[in-house]
Amino acid sequence: MKNHRSEYNLKKPEDLYKFRSSILSWYRFHKRELPWRKSPSLYKTVVSEFMLQQTRVVTVIPYFENWIRNYPDFLSLAKASEDEVLKSWEGLGYYSRARNLHNLAKIVSSWKKVPDSMEAWKALPGVGPYIAAAVTSIAFQKVEAVCDGNVVRVLTRIFSITEKFKDGATAQKKLQTTAQSLIDQDHPGDFNQAMMELGAIQCFRQSPICLTCPVLNFCTSGQAGAAEQFPKLEKKKKKKKSIHRYWIESDKGLLLFSNPRSKKRLSGIYELPESMPSSMESKKEAEKILLTKKRTIGNVDYLEKIIEISNYAENEIELECGYRWASRKEINKLTLSGPHRKWIQEILD
Ligand code: SF4
């Protein structure tokens, strides 16, 4: 790539001023109408930021709307049971976010005065530097820059940053200071949202729309037609994993499993079991593959086979901890991992 310099230097106050005004006026005119931006509040900001972690906006919208109907504020969320909260989260994945949000609501609703500092927010469950900066800048106008994946893309392109980052999280950490150096002191919340919005709807991973970009004048790689070369991230080797899930029915229903020891991830969330309870023995010849599914989580490609065991011997021992039978009615009421709910429906239909 030919090295391209911008006529602007984002260290000079007058250039910084132009950059900030360009992106802020673009944001005010072009931002998407999203439910958490309608009559914004601290609560809506917190809920949306929790939901949006690792999840796309289109997926989050119906969940967010439903959530606000069920739990309109911190207090109503705090009063809900964990089962209800998990059920409302079903299908969004990464359930520790729901538990943390629930615990956070209990703490916040007990406060007389809600603190506005990064430090106080970072001490809350599930709140890392990104959420703390987003919440305090958007809700309290604190000058705290956010640096998520979208912001990394915009920054590495503006400055043509050639450093190769180990992964997205490392890039976010390393570019935090750069993001902080650009933030508008008077409108930090809007500025943060503008940077993220630019990454989401203009500075696409592939085919960014540089020609109409509000910050093209400041963007070295955009001007050089080389935006797609940034950010530079080390390529991770994909791993493959094959998993067998069991489909076992009895007159008590379908056998499901929820790992009682998985505190963080999936406790309280039911799945088709990966192994049979020790009180059962299968006769190998009675196994049949019902469904084969592929899915990717992070850099792992999973191949999941759902195997029906139709002929098994059940000892007179009770099912061990974590297993349960569930009738169709109960399946609807329980919180299931999103993909498992779909697979079960596909097999039952
Ligand atoms: S000019 Fe292009 S690469 Fe640069 S920020 Fe705008 S959309 Fe992204």
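**Figure 1. The open sheet of three strands, in the order β3-β8-β7**. This is a predicted model, in which local features need pLDDT of at least 70 and side-chain atom pairs count only at pLDDT 80 or more, while totals for chains, interfaces and linings use all residues. Residues are numbered from 1 along each chain as its sequence is written. The pairing in this sheet is mixed; two strands pair if DSSP finds at least two bridges between them. Helices (H or I, at least four residues) and strands (E, at least two) are DSSP runs, numbered from the N terminus. β3 (239–247) and β7 (287–297) are the edge strands, each pairing on one side only. Direction ignored, neighbouring strands of the sheet are turned by 20 degrees against each other on average. Angles run from 0 to 180 degrees between N-to-C directions, and axes are lines fitted to C-alpha atoms, for helices over the stretch in contact.

**Figure 2. The parallel pair β3 and β8, with helix α15 on the sheet**. β3 and strand β8 (residues 300–309) run parallel and are joined by nine bridges. Lys 240 has Asp 301 of β8 as its bridge partner. Helix α15 (residues 338–348) packs on the sheet and touches β3, β7 and β8. The direction of α15 makes about 145 degrees with that of β7. Two residues are in contact if their C-beta atoms, placed from the backbone, lie within 7 Å.

**Figure 3. Strand β5 and its partners β4 and β10**. Strand β5 (residues 253–257) is largely enclosed by the rest of the structure, because four of its five residues are buried. A residue is buried if 20 or more other C-beta atoms lie within 10 Å of its own, exposed if 12 or fewer, and partly exposed in between, with C-beta atoms placed from the backbone. Strand β4 (residues 249–250) runs antiparallel to β5, and two bridges join them. The hairpin from β4 to β5 passes through two residues. Ser 250 has Gly 253 in β5 as its bridge partner. β5 is also joined to strand β10 (residues 323–326), by four bridges in an antiparallel arrangement. Here Phe 257 stands opposite Tyr 323 of β10.

**Figure 4. The shell around the ligand**. The ligand is surrounded by 15 residues, of which Cys 203, Cys 210, Cys 213, Cys 219 and Gly 222 are the closest. α9 gives the most, with three residues. The shell holds eleven nonpolar residues, three polar and one charged. Ala, Val, Leu, Ile, Met, Phe, Trp, Tyr, Cys and Pro count as nonpolar, Asp, Glu, Lys and Arg as charged, and the others, Gly among them, as polar.

**Figure 5. The contact between domain 1 and domain 2**. The chain is assigned domain 1 (13–233) and domain 2 (239–348), with bounds from an automatic or database domain assignment. Their C-alpha centres lie 36 Å apart. Nine residues of domain 1 and nine residues of domain 2 take part in the contact. On the side of domain 1 that touches domain 2, helix α5 (residues 82–89) gives the largest share, four residues. That side of domain 1 divides into two nonpolar, three polar and four charged residues.

Conventions
A residue is near a molecule or strand if its C-beta atom, placed from the backbone, lies within 6 Å of it.
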